[in-house]
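Dear colleague,

My notes on selected sites follow it.

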Amino acid sequence: MGDAHRIGVIGLGVISRAYLDTLVGHRAVRVTAVADLDASRSAAVAAELPGVQALSVEELLSSPDVDTVLNLTVPAAHAEIALGAVGHGKHVYGEKPLAAELTDAGTVLEAAAKAGVGVGCAPDTVLGTGVQTARAAVEAGAVGRPLFASAVMVTPGHERWHPHPDFYYTAGGGPLLDMGPYYLSALVHLLGPVRAVIGASSRRRTERVIGSGPRAGERIPVEVDSHVSGVLEHEDGVLTTITTSFDGVATTAAPIEVHGERGTLTVPDPNNFDGEVRLLELGGAQWRTLPPSAGYVGAARGVGLLDFVAADGLRAPRASGELALHVLETMTALLRSSAEGRRIELSTSMERPVPVPLTPVQEWR
């Protein structure tokens, strides 16, 4: 992708700050332009960053001073912006999901392949020392042959803290589509791609009450299922039970557990880059914490984009469009299985991303 890799950022909401903190001043990339539907916002951000232009969205997509578009728009706009970047011969790396609809996500990858450009997608949290150390342990045989796994995400609902939580409870929202990409990306790294799913879901409450901000006390409708459970059949036969819920107060379950013939491994929250990986071996008296042995040390939002740029056609990027497409199909298949009451076989697959060796912060920063 070239030596002086130039990044143009579209979408300057809250999450953009974390990306800019990682990318601005990095030796391998240079942020050259920013754009937002709110021109005053892009002007304010550009004013803080020497050498960065504030452009309109179309100007940024066509700018000769941009190699990769960082797409931080709302999910409904992900496909449109990605296709715009690809249409101008640019690589694109976006926030999750790859697109709001599975068919649109497939169209993005097809267009990129024809144009000869790359597609990458968050989450990149799974490239940190948490999930990567767990993966290294599984691959080293710490639990023996993996037999099954579990993944659990339980919260009482984002309306308790988010001042405008409506979108979490409308089409495209819900606990699985919101948080599932973190868990499913981690599970693919740990156990490989998924071949089929069986899902079940529920919606026991028809409205929620906003708990903070100017709309506190307002009731909003719940238009999607707020609890989704399922079974994932991985291609090598391992089964994962998954639960994602906006209906529980709390849980003591580990975010992810991998159970094997010789031990059980707990994996930290895949929404974070690091965390404790613990192992209890068959016949052992107590859990022990494994030291970090793989992953980007001290990783932060945007490390997946840096990995994407560093791949430079020599290997597949770890936070790839192919992984994002497979994760999106897995989630939509779970919801479809729940609605139709049957097992769904997936049409996508992929090679498991190459593992991340233990990489000190000074080597990737």
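His-26 is buried, because its relative accessible area of 8% falls under the 20% limit. Please bear in mind that this is a predicted model. Leaving aside residues up to four places away in sequence, His-26 is in contact with Leu-306, Trp-364 and Arg-365. With Arg-365 there is also a polar contact: the side chain of His-26 reaches the backbone oxygen of that residue at 3.2 Å.

**Cis peptide bonds**

Most peptide bonds are trans. The bond from Lys-96 to Pro-97 is cis, with omega near -5°, and Pro-97 is found in the loop between strand 5 (91-94) and helix 5 (102-115). The bond from Ala-122 to Pro-123 is likewise cis, with omega near 10°; Pro-123 is placed in the loop that links strand 6 (119-121) and helix 6 (129-139).

**A nonpolar surface patch**

Which residues make the nonpolar surface patch of about 260 Å²? The patch is formed by Leu-147, Phe-148 and Leu-239. Of these, Leu-147 lies in strand 7, which spans residues 146-154. Leu-147 has a relative accessibility of 36% and therefore counts as partly exposed, since that class lies between the limits of 20% and 50%.

With kind regards

Terms used. Residues numbered from 1 in each chain as written. Predicted model: local features only at pLDDT ≥ 70, side-chain atom pairs only at ≥ 80, totals over all residues. Heavy atoms only, no water. Patch = residues over 30% accessible without salt bridge, like charges linked within 9 Å, V, L, I, M, F, W, Y side chains within 5 Å. Areas by Shrake-Rupley, 256 points an atom, 1.4 Å probe, with all protein chains shown as cover. Salt bridge = Lys/Arg side-chain N within 4 Å of Asp/Glu carboxyl O. Helix = DSSP H or I, 4+ residues; strand = E, 2+ residues; numbered from the N terminus. Buried < 20%, exposed > 50% of the residue type's maximum accessible area, 1.4 Å probe, protein only. Polar contact = N/O pair within 3.5 Å; in protein donor to acceptor, adjacent residues only side chain to side chain. Contact = heavy atoms within 4.5 Å.
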